[in-house]
Amino acid sequence: MRGRGKGTSGHRKYRTNALVKRVPDDPSDFDACREAALTLLDASARSSGALIKRLVDKGYDPVVAEDVVERLIQVHLIDDEEYAQSVVRSCAARMMGLQGAVMELRRKGVDGRLAQRVASEAQSQGVFEEAAWQLGQKVAAKTQGMDHAVRLRRFWGAGGRKGHNPETLRRVGNECFRELSEH
């Protein structure tokens with residue numbers, strides 16, 4: 001056991017990476033909950049659902065957390081629609097498709113109807129089509145020189161994992177890998 005910890009017995013003298021959960025003195029303290037919410041928002045943007053969950057996880061009363069988040073919405077410090085649009089842009093930059101973006105939005109605590117609506121709007125603007133083309137070009141470049149069937153399989157696998165529509169993948173795949181099928 002030598003070399004694993006501090007000291008000769010192999011046991012550590014202190015714990016590292018131990019999570020210390022701080023519980024609020026008063027879980028129903030609106031002001032303390034608001035300060036915790038502002039600190040969380042300062043670290044990164046969040047949806048209202050994710051922020052409520054995080055505050056409750058920190059030990060605040062769920063009703064107080066909801067009241068705090070409602071107040072932050074009223075003063076425009078939280079805007080779920082703007083947040084959802086930002087997440088969709090991020091998903092598109094990562095070459096994700098409609099279903100992948102909706103799943104990411106839901107994972108980030110965005111309401112299901114809002115997630116579907118914002119992603120559908122992006123779909124109608126061709127955002128995910130463009131992302132599929134970028135993915136096709138990337139896979140085509142990475143698989144250059146490989147067997148045609150392998151290249152298509154890799155593209156379909158990547159597109160499926162990223163939540164692209166099969167019809168879009170078929171269209172993009174046929175175009176990106178057409179030069180190989182013509183030989």
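Modeller: Let's begin at F128, which, leaving aside neighbours within four places in sequence, is in contact with V88, M96, G97, L98, A101, A119, A122, Q123 and H164; contact here means heavy atoms within 4.5 Å. Please keep in mind that this is a predicted model, where local features need pLDDT of at least 70 and side-chain atom pairs count only at pLDDT 80 or more, while totals for chains, interfaces and linings use all residues. Residues are numbered from 1 along each chain as its sequence is written, and side-chain values use heavy atoms, with hydrogens and water left out.

F128 belongs to the largest nonpolar core, a group of 16 residues in which V88, L105, V110 and F128 touch the most other members. Such a core is a set of buried Ala, Val, Leu, Ile, Met, Phe, Trp, Tyr and Cys residues joined through side-chain atoms within 4.5 Å. Buried means under 20% relative accessible area, exposed means over 50%, and partly exposed lies in between, using a 1.4 Å probe and protein chains only. Helices α4 (80–93), α5 (98–107) and α6 (112–124) each supply at least two residues of this core. Helices are DSSP runs of H or I with at least four residues, strands are runs of E with at least two, and both are numbered from the N terminus. A second, separate core has 14 residues, including A37, V64, V69 and I78. In soluble globular proteins, nonpolar side chains tend to be buried together.

With 13 residues (62–74), α3 reaches 18 Å from its first C-alpha to its last, close to the expected 18 Å at 1.5 Å a residue; the expected span is 1.5 Å times one less than the number of residues. Its residues V64, A65, V68, V69 and L72 are buried. Viewed down the axis of α3, the buried residues fall within an arc of 130°, so they line one face of the helix; the arc is that of the directions from the helix axis to the C-beta atoms. These buried residues pack against α1 (30–43) and α2 (48–57).

L72, in α3, counts as buried at 3% relative accessibility. Not counting residues up to four places away in sequence, L72 touches A37, L38, L41, L51, L77 and I78. L72 and R34 are 38 residues apart in sequence, and their C-alpha atoms are 8.5 Å apart in space.

What follows α3? The helix is followed by H76, whose phi is positive, near 65°. H76 is not a glycine, and it lies in the loop between α3 and α4. At 68% relative accessibility, H76 is exposed. M95 is also not a glycine and has a positive phi of about 60°; it sits in the loop between α4 and α5. Most residues other than glycine have a negative phi.

Stepping back, the protein chain has ten helices and zero strands. Of its 183 residues, 32% count as buried. Residues 24 or more positions apart account for 61% of the chain's contacts with a separation of 6 or more.
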